[in-house]
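Work through these exercises with the model open. Each task is followed by a solution in steps.

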Amino acid sequence: MDDKVLWIGFTDENGSLDKPSLEALTATRTIAEGIDGELAIGLVGGSVDAAAAQIGGAGATRVVALAGEAWAAPRYASDTAACAQIARTVDAGIVVATAGSRFNRVCAGLAQRLGGAVDTQITDILVENGALSVSRWFYRQRMIGKLQRTVRPWVLSIASGSFVPCEAGDATVTPIEIEGFESRTEVLGVEAGTGGSQTIRPDAETLLVAGAGWTKKQADGEVHTDDAASIILEFVESNRASLGSSKSMVDLATEGQAVLPFLTHLHQIGQTGASPRHAKGLSTCCHGEEPHAVGWRFINERRAINTDANCGWAQGKADVLYVADAFEVMKKVNERLAD
Amino acid sequence: MPNTYQIVVCGGIVPNPLQSLEPVMGPTGPALKNEMMLPAVLDPWAWHALFEAADLARRHPGSKVWLVSMSPKAKLQQVMMSVAQKAAFDLVVVDGPATGFVDAAETAGALANAVKAIPGLDPAQLLLFGGWQSASRGTGAVLQMIGEILGIDEQFQGVDRLSIDDSGTLEILERIEGGAWQKSRCNGAPAVLGWATGNLPEPPNNPQIGMQNMRTIMPALQRATPAALKGDGPTYDSVESPKQRRETRVETEMNTDAIADEITAWLKG
């Protein structure tokens, strides 16, 4: 059992696997090769045909699938039952999948059901002398730990952006059967979180963060929320950037103050928000205080525009801090990007 | 017939997010330097879950809220001074470590036992709340495991909204990728809801609620039983803070055009 390494992929509505799933497959191969183990693949979804054409290059000795309407929608009861059945079928010692919302919902319950252990958001894998160690962050990206476990099965979820996607190739899939599961939950669908305007783009090169300063009184003593909204949206659209915000910005909405209408808690970066991965990040009208800046851990190049030369960004958190009026600067940046 | 709920909120304490944290390796594994000296707060996502629980209980008369926490009781007592004024609840305390380096399964086992021991708890009315992850360990595992131990198969994570209609049907929005929510319908309790930030602002302090809570909080702290942890967690090879202080170039004299030119070139580069 210990040497059997299972990767689980959930397929999308087209029966395909997304990039983070294929990254997790690379991580799984790394483990299997490192411990001289056997790689198995489990697919779960409405259909798995397209996925089968994406995983052949992985070198799995066994590919099993649960496909059909019951497995199409992400839901705790069905997904936990499916993952547990697959893990038992292949007698997995290590179970790996991408740390997306679907596996995040079930991975710990799966570990509990299998009598194993779980570690999530793994960013690195190391095998030395056949012993597997994994790395993950603690205390909201403030410290990184490397750890091992002897308990098996060991369920691992892989943080997206940590590995290169596995190469493609056809695989032969063996359907498996499962006894029925009971659920009182019906998945109704997906609701856009940004008022119909897609401004959160995990794959974008650039992250723009809007801080609360956009909704404060400006040099003329007036609030210019409409201007702020159009400047920010123009930048995000023309640069195909992803939009984030500070907690104070999204909290304004619940406090009844002037807000940017397209911002929700989903945009929040930091202590109680996201820690996205982008090559570049531009902070505007935000002070870069520690609880916010912890959400920037995985942003490689960081620049900030703020009127306060002593703000948090100046304290070693950004590469460049421009002490300037973000309204004026971003208008001109938009003009240049339009050219 | 009105729907009434028994809402159990699980939440630990974490260092105040404004504090600098430094890991140290001790004889029993990693810990935070001067951990007992650091000011603590209720975990931010559990904090949101508590507000949502209190609001739900207010809208469904006859409902009741418990806050179940595994934390060092002396630290928890300090945190309760501020939490107690925000929402009405009964406190259940497991005296144990709140560090992020304790295994999620051990924490879940201790909390599940505490939940099961709540007198008069009716599983058919149970809504198990908590944060969808913690600001310490951050695995997002504990609540799922408690649900699994309690045999609850209706679980939702990253919840931002819970609506309940007259029939008792739950409608839930869970965060998924790309700035969207998955909407699900569940035909009533029991259910596990791991909250993201929800939609509610922090309630104002209410001294009356604080006084009422403190009458039960102090006995609960005195009754707290030590957590029976076996130390079955992982073995840590290392825990370290990354050295990521950047050499920040602070531009105070550049004019707007020059800044815009430089940013544009950087974005296109």
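**Exercise 1.** Among contacts in chain A between residues at least 6 apart in sequence, what percentage join residues at least 24 apart?

*Solution.* Keep in mind that this is a predicted model. Start with the contacts in chain A whose residues are at least 6 apart in sequence. Then pick out those that join residues at least 24 apart. They come to 69%.

**Exercise 2.** Describe the fold of chain A by its elements, its dimensions and its burial.

*Solution.* Begin with secondary structure: chain A has 8 helices and 16 strands. Next, take the radius of gyration, 23 Å. The globule rule gives 20 Å for 339 residues, and the two values are close, so chain A is as compact as a globular protein of that length. Now take the extents: the C-alpha trace spans about 70 × 45 × 40 Å along its principal axes. Finish with burial. A residue counts as buried if 20 or more other C-beta atoms lie within 10 Å of its own. By that cut-off, 56% of the 339 residues in chain A are buried.

**Exercise 3.** How many residues of chain B are in contact with chain A, and which helix of chain B gives the most?

*Solution.* Count each side: 72 residues of chain B contact 77 residues of chain A. On the chain B side, helix α6 (residues 256-268) gives the most, with 8 residues. Sort that side by class: 32 residues are nonpolar, 24 polar and 16 charged.

**Exercise 4.** Which strand of chain B pairs with strand β8 of chain A, and in what sense?

*Solution.* Locate β8 of chain A at residues 143-148. Its partner is β14 of chain B, residues 235-240. The pairing is antiparallel, over 5 bridges. For one residue pair, go to A:Leu147: its bridge partner in β14(B) is B:Tyr236.

Note on methods:
Residues are numbered from 1 along each chain as its sequence is written. Chains are lettered from A and ligands numbered from 1 in the order in which they are written. This is a predicted model: local features need pLDDT of at least 70, side-chain atom pairs count only at pLDDT 80 or more; totals for chains, interfaces and linings use all residues. Helices (H or I, at least four residues) and strands (E, at least two) are DSSP runs, numbered from the N terminus. The radius of gyration is taken over C-alpha atoms; the globule rule is 2.2 Å times the number of residues to the power 0.38. A residue is buried if 20 or more other C-beta atoms lie within 10 Å of its own, exposed if 12 or fewer, and partly exposed in between; C-beta atoms are placed from the backbone. Two residues are in contact if their C-beta atoms, placed from the backbone, lie within 7 Å. Ala, Val, Leu, Ile, Met, Phe, Trp, Tyr, Cys and Pro count as nonpolar, Asp, Glu, Lys and Arg as charged, and the others, Gly among them, as polar. Two strands pair if DSSP finds at least two bridges between them.
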